[in-house]
Amino acid sequence: CSSDLIGQTKDGYLLTYMRPLQDENGNHQCYACVDFSIDAVYKQDRRFIFLTAVLCGFVSLVILLLDIYIVRRSITGPLDKMTKCTREFRYETQNDQLRNVRSMEQLQINTKDEIEELYHVFLSVMKESLFYQTNLSRARDDIRAKDVLLGEMSKAAYRDAMTGVGNKAAYQLEMEKIDEGIQKGHTDFAIVMVDVNNLKYVNDTFGHEKGDNYIQNCCNMICNAYKHSPVYRIGGDEFVVVLKKEDFERRDEIFRELLDEFEAAYLREEKEPWERYSASLGMARCMDKDANADVVFKRADERMYENKIKFKKNKLLN
């Protein structure tokens, strides 16, 4: 058998281990004893516990640092890159958005997890947004171009091709607006009726090319006289001017000056017949009693016709 004894000695707190020794015949001969210092054992235990704690702490620190690295590399790092990239985005123009997409593509996030999926979804949304905005911009450009084209077509529809002034359709539209104004008490306008003289003679004698030139130059004289009012060609040799603003305020003065200019042009006998521009004019102001613009027009037309008769009489006398 063996025995363990524990006790306080002069050498400290000891554990004594004893084991009996026998001879070859089994007779007891003596005891083999070994003393163990419990203090030393406790010291070794404390050292072991300390080293174990240090090792565990070190391992835990390594694991923590490794986790931080992994989180940084796979989660916070990519998110920080995306956040920094988005802070530099500009949205003023389509080129800005294209640069935004390219900047995001350059990040090349390959984390093989949800972050990468989020990155690709975000990038996909940006590309789709750019695609729709590009199409929207093209659609807007197309609409603007069509609006411009429609505007030009609309202008062409109301413009006299030969002279560039308003045509009869434009004049009728103007009359409708004036009638609406008359109903509201807006009567500050006048109408000048102009009938080009000698057009048939020029056409029949010198050809329609000269006749066209004759009409165009007569129209230029009318437009130069009435710079602040719309001019309309309502027939082959007939023009109408709706006097407004300054032209209306100075209507008598301008009317007289234009009459004198046509008379002077016709009297230039040194010029070719198609260069001796002549026209008969009549003017009428809108009165409070006038129900519509057509009444004013007819009054101006009558006065023009009176001047036309005078021109023909003078021409025959000459």
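Mentor: Let's start with a definition: a residue is called buried under 20% relative accessible area, exposed over 50%, and partly exposed in between, using a 1.4 Å probe and protein chains only. The model here is predicted, so local features need pLDDT of at least 70 and side-chain atom pairs count only at pLDDT 80 or more, while totals for chains, interfaces and linings use all residues. Residues are numbered from 1 along each chain as its sequence is written, and side-chain values use heavy atoms, with hydrogens and water left out.

Trainee: Is Asn-198 buried or exposed?

Mentor: Asn-198 is buried because its relative accessible area is 18%. Asn-198 sits in the loop between strand 4 (190–196) and helix 5 (199–206). Helices (H or I, at least four residues) and strands (E, at least two) are DSSP runs, numbered from the N terminus.

Trainee: What is the phi of Asn-198?

Mentor: First the general idea: most residues other than glycine have a negative phi. Asn-198 has a positive phi, near 65°. Lys-245 also has a positive phi, near 50°. Lys-245 belongs to helix 7 (residues 245–249), and Lys-245 is exposed because its relative accessibility is 67%.

Trainee: Where is Phe-248, and is Phe-248 buried or exposed?

Mentor: Phe-248 is found in helix 7. With a relative accessible area of 5%, Phe-248 is buried.

Trainee: How do I read the length of a helix, say helix 4?

Mentor: The expected span is 1.5 Å times one less than the number of residues. Helix 4 (residues 168–183) has 16 residues and should span 22 Å; its end C-alpha atoms are 23 Å apart, so the two values agree.

Trainee: Which residues of helix 4 are buried?

Mentor: In general, an α-helix has 3.6 residues a turn, so residues three or four places apart point the same way. In helix 4 the buried residues are Ala-170, Tyr-171, Glu-174, Met-175, Ile-178, Gly-181 and Ile-182. They lie on the same side of helix 4 because they cover an arc of only 140° around the axis. That arc is taken from the directions from the helix axis to the C-beta atoms. On the face turned away from the buried side, helix 4 carries the exposed residues Lys-177, Glu-180 and Gln-183.

Trainee: What follows helix 4?

Mentor: Gly-185 does, with a positive phi near 95°.

Trainee: Which residues of helix 8 are buried?

Mentor: The buried residues of helix 8 include Arg-251, Phe-255, Leu-259 and Phe-262.

Trainee: How do I read a pocket?

Mentor: On a 1 Å grid over the protein atoms alone, a pocket is an open set of points where a 1.4 Å probe fits, with protein on both sides within 12 Å along at least five of seven lines; lining residues have an atom within 4 Å of a point. A volume is the space filled by probe spheres set on the points, which are joined across faces, edges and corners. The second largest pocket holds about 160 Å³ of space.

Trainee: Which helices supply the lining of the second largest pocket?

Mentor: Helix 6 (208–225), helix 7 and helix 8 (251–266) each supply at least two residues. Helix 8 gives the largest share, four residues. Among the lining residues are Met-221, His-228, Asp-247 and Leu-258.
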